[in-house]
Amino acid sequence: QVQLVESGGGLVQAGGSLRLSCLISERTFSAHVMGWFRQAPGKEREFVSAISWSGGSTAYADLVKGRFTISRANAKNTVSLQMNSLEPEDTAVYYCAAGHSGRYYYIDQYNDQYRYDYWGQGTQVTVSS
């Protein structure tokens, strides 16, 4: 059973920063594309960012481009999301997800939640104004 556990969420003021981490219990972690999604109250889950198995390719939603940075450490089975210049509109539950590499050629194609196989339980991020 593959498990993903997010951490690092919390309450922060607008303009502040948070770093989310996701630990995956999967020996073949390096074979997976990793993604972050978020869901705000009353809204659908939306793509935030994705990173290829090697870390060499990344993708970001336009709303977070330039503010968020995704990274991974395959030796530690972790993926992180550094979030800077946070805005109240970033308030949401953030989910980590893993999808099998090689299914799609471009990292941008992993912006669809249905292209992922495993999900974490989510971590709350609240940005106050």
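Strands β2 and β11 pair in the parallel sense, over four bridges. Strands here are DSSP runs of E, at least two residues, numbered from the N terminus, and two strands pair if DSSP finds at least two bridges between them. In this pairing, Leu11 stands opposite Thr126 in β11. Before I go on: this is a predicted model, where local features need pLDDT of at least 70 and side-chain atom pairs count only at pLDDT 80 or more, while totals for chains, interfaces and linings use all residues. Residues are numbered from 1 along each chain as its sequence is written, and side-chain values use heavy atoms, with hydrogens and water left out.

Back to β2, which covers residues 10-13 and contains Val12. Is Val12 buried or exposed? Val12 counts as buried, because its relative accessibility is 13%; the cut-offs are under 20% relative accessible area for buried, over 50% for exposed, and partly exposed in between, with a 1.4 Å probe and protein chains only. Leaving aside residues up to four places away in sequence, Val12 touches Ser17, Leu18, Leu86, Thr126, Val127 and Ser128, where contact means heavy atoms within 4.5 Å. Val33 is 21 residues from Val12 in sequence, and their C-alpha atoms are 29 Å apart in space.

Now β11, residues 123-128. Its covered face has Thr123, Val125 and Val127, and its uncovered face has Gln124, Thr126 and Ser128. In general, side chains in a regular strand alternate between the two faces of the sheet. Strand β11 also pairs with β9, in the antiparallel sense, over three bridges. There, Val93 has Gln124 of β11 as its bridge partner.

Next, the open sheet. Four strands make it up, in the order β1-β3-β8-β7, with antiparallel pairing. β1 (4-7) and β7 (68-73) are at the edges with a single partner strand each, so one side of each has no neighbour in the sheet. From one strand to the next, the twist averages 15°; axes are lines fitted to C-alpha atoms, for helices over the stretch in contact, and angles run from 0 to 180 degrees between N-to-C directions. Between β1 and β3 (residues 18-24) there are four bridges, again antiparallel. Leu4 is opposite Ile24 of β3.

Which cysteines form it? Cys22 and Cys96, with sulfur atoms 2.1 Å apart. The link joins distant parts of the chain, since Cys22 is in β3 and Cys96 is in β9 (residues 92-100), 74 residues apart. The angle about the S-S bond is -85°, and the link is left-handed. Cys22 and Cys96 are both buried.

On to charges. The whole structure has six salt bridges, a salt bridge being a side-chain nitrogen of Lys or Arg within 4 Å of a carboxyl oxygen of Asp or Glu. One of them joins Arg38 and Glu46, with the closest N and O atoms 2.6 Å apart. Arg38 is buried at 4% relative accessible area, whereas Glu46 is partly exposed at 33%.

Arg67 meets Glu87 in a salt bridge, 4.0 Å from N to O. Glu87 is in the loop between β8 (78-83) and β9, and Arg67 is in the loop between β6 (58-60) and β7, so the pair ties together parts 20 residues apart in sequence. Arg67 also forms a salt bridge with Asp90, the closest N and O atoms being 2.8 Å apart. Asp90 and Arg67 are both buried, while Glu87 counts as partly exposed at 34%. A network of salt bridges links Arg38, Glu46, Arg67, Glu87 and Asp90.

Last, the aromatic rings. There are seven aromatic pairs. Rings of Phe, Tyr and Trp (its six-membered ring) pair if their centres lie within 6.5 Å; planes under 30 degrees apart are stacked, over 60 edge-to-face, and the rest tilted. Phe37 and Phe47 form an edge-to-face pair, 5.6 Å centre to centre with 70° between the planes. Phe37 lies in β4 (residues 32-39) and Phe47 in β5 (residues 46-51), so the pair ties together parts 10 residues apart in sequence. Tyr104 and Tyr110 are also edge-to-face, because their ring centres are 5.5 Å apart and their planes are at 85°. Tyr104 counts as partly exposed at 26% relative accessibility, and Tyr110 as buried at 2%. Phe37, Phe47, Tyr104, Tyr110, Tyr116 and Trp119 form one aromatic cluster.

Methods:
A disulfide is a pair of cysteine sulfur atoms within 2.5 Å.
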